[in-house]
Amino acid sequence: MTDRRIVLLRHAKAERPHGGPDIDRELVARGVADAMAAGAWLAEAGYRPDLVLCSPASRTRQTWAAIADLLLGEPEVRYDSAIYGGSAARLLKLARAVDPAVTTLLLIGHNPTMSELSDLLSTDDTRPSGADLYGLRTAGLVVHRVDGAWSELTFGAAPVEARHTARG
């Protein structure tokens, strides 16, 4: 069985809520730079996705756009409204439905769901002690190893393989 990776990425730094629709909030300049740093790290570490599942929010689309130019290849990209405001259980369901040919899945979304999903996927020995459940910072990445089929992915069975935060 091929090892698989699910890479969770919280969108980069966005403008503060301004009275307009939350889904339309865009990245600030630092967010674009942080997203590019995240993309450079993904490329350097060899985590090139076969499939990208991304929230349809402006800030997640812009995060993906800043990363995409730094990665080789052209993965399939799907914008799924279930990621915007969805629960960790809903995102797990999306991952479980991924085509078996996909070896690296990049999931771009929002907190608190992305941090919660990472915490729930982690095995006890890869969960940081005393970790803040909502600790995934903007443009933060966490890579989980999936040993087995996507359809069998469960909470507590995907150890953390790597982490990256674009800024200190």
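User: Two strands pair if DSSP finds at least two bridges between them. With that in mind, what is the bridge partner of Arg 4 in β5?

Analyst: That's Val 146. Helices (H or I, at least four residues) and strands (E, at least two) are DSSP runs, numbered from the N terminus. Keep in mind this is a predicted model, where local features need pLDDT of at least 70 and side-chain atom pairs count only at pLDDT 80 or more, while totals for chains, interfaces and linings use all residues. Residues are numbered from 1 along each chain as its sequence is written, and side-chain values use heavy atoms, with hydrogens and water left out.

User: Got it. How many bridges join β1 to β5, and do they run parallel or antiparallel?

Analyst: Seven bridges, antiparallel. β1 covers residues 3-10 and β5 covers residues 141-147.

User: In what order do the strands sit in the sheet?

Analyst: β3-β2-β4-β1-β5-β6. That's six strands in an open sheet, with mixed pairing.

User: Why is one side of β3 and of β6 left without a neighbour?

Analyst: They stand at the edges: β3 (76-79) and β6 (160-164) have a single partner strand each, so one side of each has no neighbour in the sheet. From one strand to the next, the twist averages 15 degrees.

User: Which helices pack on the sheet?

Analyst: Take α1, residues 29-45, which touches β1, β5 and β6. The direction of α1 makes about 145 degrees with that of β6. Axes here are lines fitted to C-alpha atoms, for helices over the stretch in contact, and angles run from 0 to 180 degrees between N-to-C directions. Then there's α2, residues 58-68, touching β1, β2 (51-54), β3 and β4 (104-109). The direction of α2 makes about 140 degrees with that of β4.

User: Which residues of α2 are buried?

Analyst: Ser 58, Arg 59, Thr 60, Thr 63, Trp 64, Ala 66 and Ile 67. Buried means under 20% relative accessible area, exposed over 50%, partly exposed in between (1.4 Å probe, protein chains only). Those buried α2 residues pack against β1, α1, β2, β3 and β4.

User: Back to β2. Are its faces covered or open?

Analyst: Covered on both sides. Leu 51 and Leu 53 are buried on one face, Val 52 and Cys 54 on the other. As for partners, β2 pairs with β3 in the parallel sense over four bridges, and Cys 54 stands opposite Tyr 79 there. β2 also pairs with β4, again parallel and over four bridges, with Leu 51 opposite Leu 105.

User: What does His 164 contact, ignoring neighbours within four places in sequence?

Analyst: Ala 37, Ala 38, Trp 41, Ala 139, Gly 140 and Leu 141; contact means heavy atoms within 4.5 Å. His 164 is in strand β6 and counts as buried because its relative accessible area is 16%.

User: Ala 139 is on that list. What is its phi?

Analyst: Near 65 degrees, a positive value in a residue other than glycine. Most residues other than glycine have a negative phi, and most peptide bonds are trans. Ala 139 lies in the loop between α4 and β5, and its relative accessibility is 0%, so it counts as buried.

User: Where is there a cis peptide bond?

Analyst: Between Asn 111 and Pro 112, with omega about 10 degrees. Pro 112 is found in the loop between β4 and α4.

User: Which residues are buried in α4?

Analyst: Thr 113, Met 114, Ser 115, Leu 117, Ser 118 and Leu 121. The buried residues of α4 pack against β1, α3 (88-96), β4 and β5.

User: And Leu 120, where does that one lie?

Analyst: In α4 too, which spans residues 113-121. Leu 120 has 30% relative accessibility, so it counts as partly exposed. The C-alpha atoms of Leu 120 and Thr 154 are separated by 8.8 Å, though the two residues are 34 apart along the chain.
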